Amino acid sequence: MGFIISLVRQDLFLCSRRIAMDQEHLGPQNLKWPPLDENIVLIRYHSYTSLVALSHGQGTRVGFYSRTCFRAESIVQSTVRTHFSSNRAIAPGLLRMHFHDCFVQGCDGSILIDGEGTEKTAGPNLLLRGYDVIEDAKRQLETACPGVVSCADILALAARDSVVLAGGPGWAVPTGRRDGRVSLASDASNLPGFTDSVDVQIQKFENKGLNTQDLVTLVGKQPNMLNVITIYNIKNITYGSSIPDGVSSGIRGHTIGTTACQFFRYRLYNFTSTGGADPSIDPAFLPTLQSLCPADGDGSRRVGLDNGSENRFDNGFFAKLRDGRGVLESDQKLWTDGSTRDFVRRYLGVRGLLGLTFSVEFGRSMVKMSNIEVKTGSNGEIRRSKTDISS
């Protein structure tokens with residue numbers, strides 16, 4: 001119970017921080033406390049107990065640095081906030097980076113390592129953003145607590161803090177990961193891609209211990225910040241051409257973020273044998289996409305994945321899938337494919353189905369993802385720099 005109380009205190013802290021931020025814009029006279037809902041309290045309680053169970057046995061735990069570096073989380077939090085205030089795009093970037101790190105060699109910070117042939121140089125990772133945020137936080141932590149906090153944990157904490165700053169939910173992040181020593185670009189080939197079928201996406205998630213609900217949840221929430229699709233400035237890709245080998249777009253977190261025309265323009269022109277557009281696109285939405293991405297236009301132009309709220313972490317992404325307004329083909333398939341449609345409908349609160357609360361389930365799925373193949377104990381190392389493997 002003491003552990004649950006500590007998590008409740010963290011929630012109260014996050015709430016007080018959010019209120020302070022709102023006061024700067026609205027003024028305290030315009031803020032009102034909502035009535036306490038016992039159902040919400042129960043949901044949060046069961047969510048916390050579930051998160052405890054998820055982190056148990058993985059070698060990570062909430063509050064890992066409470067005695068060895070008690071300011072670790074606050075240092076990361078303030079660093080992310082500082083960078084976010086000048087560039088909101090780092091929020092989906094950090095979220096996507098965490099996802100790409102966990103799906104390759106586990107959540108071990110290997111995506112941060114510099115050098116020829118490392119993960120950072122792989123096609124899906126070429127335009128990841130946020131490395132400077134992790135480097136800044138690591139530099140401060142090495143001053144405060146030398147050799148204690150891993151780069152892998154910094155990235156996991158920064159991903160959570162970026163979601164909160166973008167208006168999303170907070171969750172308790174289990175820490176205690178150690179940094180990996182191996183980073184190979186060739187290992188990034190298992191990242192989900194924007195043309196993957198639902199079956200392929202499900203299999204890639206299952207290979208990492210994640211289920212179909214996790215797939216729908218993490219695609220939907222991680223970039224609107226998370227609709228953070230990896231965008232590559234490949235000037236030679238034109239309408240009708242194929243995507244080069246090794247280049248694919250990460251698909252997680254599409255509730256926030258953007259993608260490039262080159263990754264969905266093929267849906268708008270000559271998609272069918274009769275020369276029409278992808279029939280799953282809402283006909284009323286098609287002219288908007290075509291105006292943003294003309295057939296002979298700039299393939300690197302960015303378009304919001306959750307069009308209209310790409311910088312806000314919200315639940316609108318699922319409604320857009322229902323309405324045929326998913327930008328990426330892989331996203332829209334979550335509605336057209338029967339194996340994933342009911343999860344989308346449950347997030348939408350369709351009558352007759354057991355509803356899902358996104359703010360709760362997103363945190364649960366993020367904790368599960370952040371514990372993929374973690375290195376703890378004597379495995380791995382604590383890098384003194386985010387980019388270099390210790391000798």
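The disulfide (a pair of cysteine sulfur atoms within 2.5 Å) between C261 and C293 has an S-S torsion of about -70 degrees, so it is left-handed. Keep in mind that this is a predicted model, where local features need pLDDT of at least 70, side-chain atom pairs count only at pLDDT 80 or more, and totals for chains, interfaces and linings use all residues. Residues are numbered from 1 along each chain as its sequence is written, and side-chain values use heavy atoms, with hydrogens and water left out.

**C261–C293**
- The sulfur atoms of C261 and C293 sit 1.8 Å apart.
- C261 is in the loop between strand 3 (258-260) and helix 9 (286-292), and C293 in the loop between helix 9 and strand 4 (302-304), so the pair ties together parts 32 residues apart in sequence; helices (H or I, at least four residues) and strands (E, at least two) are DSSP runs, numbered from the N terminus.
- C261 and C293 are both buried, meaning under 20% relative accessible area with a 1.4 Å probe, protein chains only.

**The other disulfides**
- There are 3 disulfides in the structure, and with the bonded cysteines numbered in sequence order they pair 1-4, 2-3, 5-6.
- C69 and C145 have their sulfurs 2.1 Å apart; the S-S torsion is about 80 degrees, so this disulfide is right-handed.
- C69 lies in the loop between helix 2 (38-55) and helix 3, C145 in the loop between helix 5 (131-144) and helix 6 (151-165), so parts 76 residues apart in sequence are tied together.
- C102 and C107 have sulfurs 2.0 Å apart, and their torsion of about 120 degrees makes the disulfide right-handed.
- Both C102 and C107 are buried.

Conventions:
Buried < 20%, exposed > 50% of the residue type's maximum accessible area, 1.4 Å probe, protein only.
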